[in-house]
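Student: I would like to go through this structure carefully, starting from the whole and then settling on one part of it.
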Amino acid sequence: MQTPEVNILLQLNKVLVSYMPKFLVNLKRSDLRLLNATLVIPEIQQSTSSKGISSEFKSFSYIYNEEQFITSLKNDVIIVKSLPPKLKEARKRKEFPSFKPKQSASPDYYIREILPELKKAKVIGLVIMDGGCLQPILPSKLVEYQRLRCRVAFHALHFRSEIQELAHLMVERLRASGQPYLAYHPGLVRDSLAHQGCAELFQDIHTELIQYRRSQMIKQKIIHDELAVDSFMRKGNGSCPLMPEEVGILFRAMGYPTTTRIYLAGSETFGGQRVMIPLRAMYPNLVDRSNLCNKYELYKLLGNEDPLSSNSFGPNPTKTFKKEKNEWDQAGPRPRPLPPPPDRPIYKHEKEGWYGWVAEKDSEPEPLPSDLRDKAHRLLWDALDYVVSVEADAFFPGFNNDGSGLPDFSNLVMGHRLYEMASAITYRPGRKYLANLFNSTQDNLYYPKRSWILAARKHLNNSLGDEGLQRQLIQSKPMSFLSHPIPECSCTISKTGGKNLCPKWIEDSFTKSKLQETSVLGENEPDDDEVDAEETDLEEENQKNVSPSLEEDVEMDPDD
């Protein structure tokens, strides 16, 4: 799912703290507290009234509880629901400046660039498009701002009551049989696949769709890379998601029985149900929101929406037979399906669907009103899945941000579970290690050798503990603070002792981060002994990640 655009208005002379959807946008409230301003309730562009949502909701209240948001932060920030009438009119006339801060923007950027404009104009707007507006890791002197981020994400931002009630009802239904359930998010999102260059992992129409989106990202300078890349090399480097078939094999290696109930999270699974067929064959109890809720329960969340035009596609333009024949003859090679021959009209069902344009055109058309409304609905489905995933007995991400791209669903779920219930089973697989492991047993994928099973099981078990947490700290936290909100938000590091002390590995990582910070600032240089110790740790980690030799092993009994 593409990260939605968020509009934020700031008014001078009052304290401001701002934050946006915890599972969509990694926006920090603390970055705006520096400006001494008042926050106007943000707008999520994907759920504004122009996108066809019900008039019962405003943009923010479509997902979140506004009153809870304002009340929870009353001691930290002054938040208002709208601008005064005069300022609202001035905003419509575009009299106020707006800025698009980058995800890596530092606090100095707001003091030097934003604050002078805010003092001058009294009101400014911030447009958040790339998943955040302040660098995830701040200097240790700003640790209170990091804690503020957690108060916003985990205490102030609550989904509206209807979403919470239905999500908890889904959890009750999943546990009705008395068995635990596992939540799985595939991470197969078109934008992520295009960003990472994973087009060749799919076939036909889906490859072209990913490449078209990748070319758009290159033109928009979202990514700085070539259009055509080796997807299999990217997958070997751990940049691409684990496919559902591979996840099913890993579940078997972990010993999960075929009766295990698995909840499929995420409003978008690129490739549709076809890519889920192997996993569903191994685990028939694979369910999603459509299996747990009836249509009435889901539609209640939408409110009273105005009906769209019955024929959203409009009449087909009239073409002469000569023109249609010429278009057919000049059509170059393209994935299936090819456009129908000129002697047959294009039926409506062939145009419907989000990829129907590939059969006719070389460029993606503008979204229809129904497409815009569907994107708004996806926010609600993601909200339901977020709650179900956080409450799950175990969570497995098919893909999570490891230092490139935008903050994603899995990272934020993993961070939330770490914050609220650190002992919960949350897998943090190393995709590079697993890709090498799968490459070593391509000929016996469904009946691997015993040592392969043990290697996969050991890796996943280790990912539940310190090894997985340290990997997430190093790879994910530099891109999204909320993916790993400890130790700043959960425990304390103190030599005198006391409650809520951090584990030793957190203290060690915190010490290393302090050394890196002082090294960058030029205040102190690390000792040679510390450097040698760090290099030794890295060598040991590399040795752990080397795939074991499986050549001399015997095949595993399929019934074992």
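Student: What percentage of the 560 residues of the protein count as buried? After that, please look closely at the place where α19 meets α20.

Tutor: This is a predicted model, in which local features need pLDDT of at least 70 and side-chain atom pairs count only at pLDDT 80 or more, while totals for chains, interfaces and linings use all residues. Residues are numbered from 1 along each chain as its sequence is written, and side-chain values use heavy atoms, with hydrogens and water left out.

Of the 560 residues of the protein, 48% count as buried, where buried means under 20% relative accessible area, exposed means over 50%, and partly exposed is what lies in between, judged with a 1.4 Å probe and protein chains only. The accessible surface comes to about 28,200 Å², of which carbon and sulfur atoms hold 50%; such areas come from the Shrake-Rupley method with a 1.4 Å probe, and for residues only the protein chains shown count as cover. The protein has 22 helices and 10 strands, these being DSSP runs numbered from the N terminus (H or I over at least four residues for helices, E over at least two for strands). Taking contact to mean heavy atoms within 4.5 Å, 74% of the contacts between residues at least 6 apart in sequence join residues at least 24 apart.

Now to the part you asked about. Two packed helices are described by the angle between their axes and the distance between the axes. For α19 (residues 450-463) and α20 (residues 466-475), the axes come within 5 Å and cross at roughly 65°; axes are lines fitted to C-alpha atoms, for helices over the stretch in contact, and the angles run from 0 to 180 degrees between N-to-C directions. The two helices are therefore roughly perpendicular to each other, on a scale where under 35 degrees is roughly parallel, over 145 roughly antiparallel, 65 to 115 roughly perpendicular and the rest oblique.

The residues that meet are His-459, Asn-462 and Ser-463 from α19, and Asp-466, Glu-467, Gly-468 and Arg-471 from α20. Sorted by class, this contact has no nonpolar, four polar and three charged residues, with Ala, Val, Leu, Ile, Met, Phe, Trp, Tyr, Cys and Pro counted as nonpolar, Asp, Glu, Lys and Arg as charged, and the others, Gly among them, as polar.

At 14% relative accessibility, Arg-471 counts as buried, and, not counting residues up to four places away in sequence, Arg-471 touches Arg-428, Pro-429, Gly-430, His-459, Ser-463 and Ser-476.

Beyond four places in sequence, the contacts of Ser-483 are Asn-411, Met-414, Gly-415, Gln-472, Ser-476 and Lys-477. Pro-487 also lies in the loop between α20 and α21, and a cis peptide bond, with omega of about 10°, joins Ile-486 to Pro-487. As background, most residues other than glycine have a negative phi, and most peptide bonds are trans.

For a setting of another kind, consider the nonpolar cores, each a set of buried Ala, Val, Leu, Ile, Met, Phe, Trp, Tyr and Cys residues joined through side-chain atoms within 4.5 Å. The largest has 57 residues, of which Phe-69, Tyr-263 and Leu-384 touch the most other members. Its largest share, 10 residues, comes from α16. Apart from this core lies another, of 48 residues, among them Ala-199, Ala-253, Met-276 and Ala-455. In helix α16, Val-390 is buried, with a relative accessible area of 4%. Leaving aside neighbours within four places in sequence, Val-390 is in contact with Val-413, His-416, Arg-417, Glu-420 and Met-421.
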